[in-house]
Amino acid sequence: MCELLGMECNVPTDIVFSFNGLRHRGGRTGPHADGWGLAFFEGRAARVFLDPSPAAESPLARFLSETPIKTLLAIGHIRRRTRGDVLLANTHPFVRELWGRHWVFAHNGTLPRVRRRALGRFNPIGTTDSEHAFCYLLEGLRSSFPGYPRRPSELWEAIAALGGELGQDGTFNFLLGDGRHLFARCATRLCHIIRKAPFGIATLLDDDVRVDFSAVTTPKDRIAVVATSPLTANETWTTGRPGELWVFDGGELRATLSSLA
């Protein structure tokens with residue numbers, strides 16, 4: 001299995017603290033040593049960094065854990081291979097264009113039956129079940145709407161339904177970003193925290209690092225962080241229920257939808 005990391009905010013924020021905790025699980029404090037990736041949105045476009053080497057040993061991962069790149073939406077992943085070789089083409093997160101914007105996707109789990117699903121415009125580059133599922137999900141959206149939906153709730157409901165459909169093929173924990181929303185589906189394990197005033201001190205579980213968020217934020221800031229398991233030792237994380245989809249926008253949890261077939 002793999003581990004997921006997502007961040008969605010109301011003001012540009014860096015993901016240095018959270019990613020520093022996650023990357024150590026990629027071969028040092030955890031077994032997820034088969035590659036990693038991190039995507040940062042800038043409006044509708046995403047800047048994506050991928051590396052099939054262990055995150056705990058990667059000079060690029062270390063650089064990103066020390067370099068404050070500010071964004072409103074970021075998605076990260078560390079991989080423990082189940083299907084598909086350890087290659088750049090199989091490294092999450094995956095990116096495609098739909099309706100003139102990037103969509104970024106990362107998956108935790110195994111979908112042994114997903115290749116039975118026929119694809120349309122979108123096709124995998126690599127050989128993972130995860131990328132096949134992503135292509136199927138995007139084709140489902142493309143065929144359901146002529147363009148980006150004017151009513152966001154229609155998009156949320158469509159993604160929840162597609163998540164439930166694909167969830168019939170196996171274990172489907174995922175993060176999906178479109179430059180505006182962060183979607184997070186829980187199949188087995190997922191949690192989130194929303195940091196807002198009054199801010200306090202947080203300490204990483206996987207590294208000897210702590211941050212006083214009150215010293216680096218304003219009272220109006222809101223930062224939602226999603227992870228497979230909690231990254232900090234002294235904060236209260238909300239645990240997801242299997243079969244639900246969270247929708248984050250503006251650093252807030254906007255909706256919790258059923259994502260069961």
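This is a predicted model: local features need pLDDT of at least 70, side-chain atom pairs count only at pLDDT 80 or more; totals for chains, interfaces and linings use all residues.
N173 belongs to strand β7, and its side chain comes to 3.4 Å from the backbone nitrogen of R189.

Neighbours within four places in sequence being left aside, the contacts of N173 include L4, A106, H107 and N108. A run from R185 to R189, made up of R185, C186, A187, T188 and R189, is also in contact with N173.

## The nonpolar cores

The largest nonpolar core contains 30 residues. Those with the most contacts inside this core are W103, L141, L155, I159, F174, L176 and F183. Two or more residues each are supplied by β5 (94-98), β6 (101-108), α3 (129-144), α4 (152-167), β7 (173-177) and β14 (244-249).

F174 illustrates how these parts meet. With residues up to four places away in sequence not counted, F174 touches L4, F105, A106, H107, L137, I159, G163, F183, A184, R185 and L245. A further core, of 28 residues, lies apart from the largest one and has A55, L64, I193 and W237 among its members.

## The seven-stranded sheet

Seven strands make up an open sheet with antiparallel pairing, in the order β3-β2-β4-β1-β12-β9-β13. The edges are taken by β3 (45-51) and β13 (238-239); each has a single partner strand, so one side of each has no neighbour in the sheet.

Within this sheet, β2 and β3 are paired in the antiparallel sense through seven bridges, and G37 is placed opposite L50 of β3. The two strands form a hairpin with two residues between them, and G43 in the turn has a positive phi of about 65°. Strands β9 (residues 191-196) and β12 (residues 222-227) also run antiparallel, joined by six bridges. K196 has R222 of β12 as its bridge partner.

## Helices on the sheet

The buried residues of α2 are A61, L64 and S65. They lie on the same side of the helix because they cover an arc of only 100° around its axis. In general, an α-helix has 3.6 residues a turn, so residues three or four places apart point the same way. The buried residues of α2 pack against α1, β2 and β3, while the face turned away from the buried side carries the exposed residues P59 and E66. At the start of α2, a side-chain oxygen of S58 comes to within 3.3 Å of the backbone nitrogen of L60.

Strand β14 pairs with strand β15 (residues 252-258) in the antiparallel sense, over six bridges. F248 has L253 in β15 as its bridge partner. These two strands form a hairpin with two residues between them, and G250 in the turn has a positive phi of about 65°.

I194 is located in strand β9. Is I194 buried or partly exposed? Its relative accessibility is 28%, so I194 counts as partly exposed. Beyond its neighbours within four places in sequence, I194 is in contact with I223, A224, F248, G251, E252 and L253. I194 and V226 are 32 residues apart in sequence, and their C-alpha atoms are 8.8 Å apart in space.

## H132 in helix α3

H132 is part of helix α3. With a relative accessibility of 7%, H132 counts as buried. Its contacts, neighbours within four places in sequence left aside, are V114, R115, R117, L119 and P124.

Terms used:
Residues are numbered from 1 along each chain as its sequence is written. Side-chain values use heavy atoms; hydrogens and water are left out. Two strands pair if DSSP finds at least two bridges between them. Helices (H or I, at least four residues) and strands (E, at least two) are DSSP runs, numbered from the N terminus. Buried means under 20% relative accessible area, exposed over 50%, partly exposed in between (1.4 Å probe, protein chains only). The arc is that of the directions from the helix axis to the C-beta atoms. Contact means heavy atoms within 4.5 Å. A polar contact is a pair of N or O atoms within 3.5 Å; within protein, one must be able to donate a hydrogen and the other to accept it, and residues adjacent in sequence count only if both atoms are side-chain atoms. A nonpolar core is a set of buried Ala, Val, Leu, Ile, Met, Phe, Trp, Tyr and Cys residues joined through side-chain atoms within 4.5 Å.
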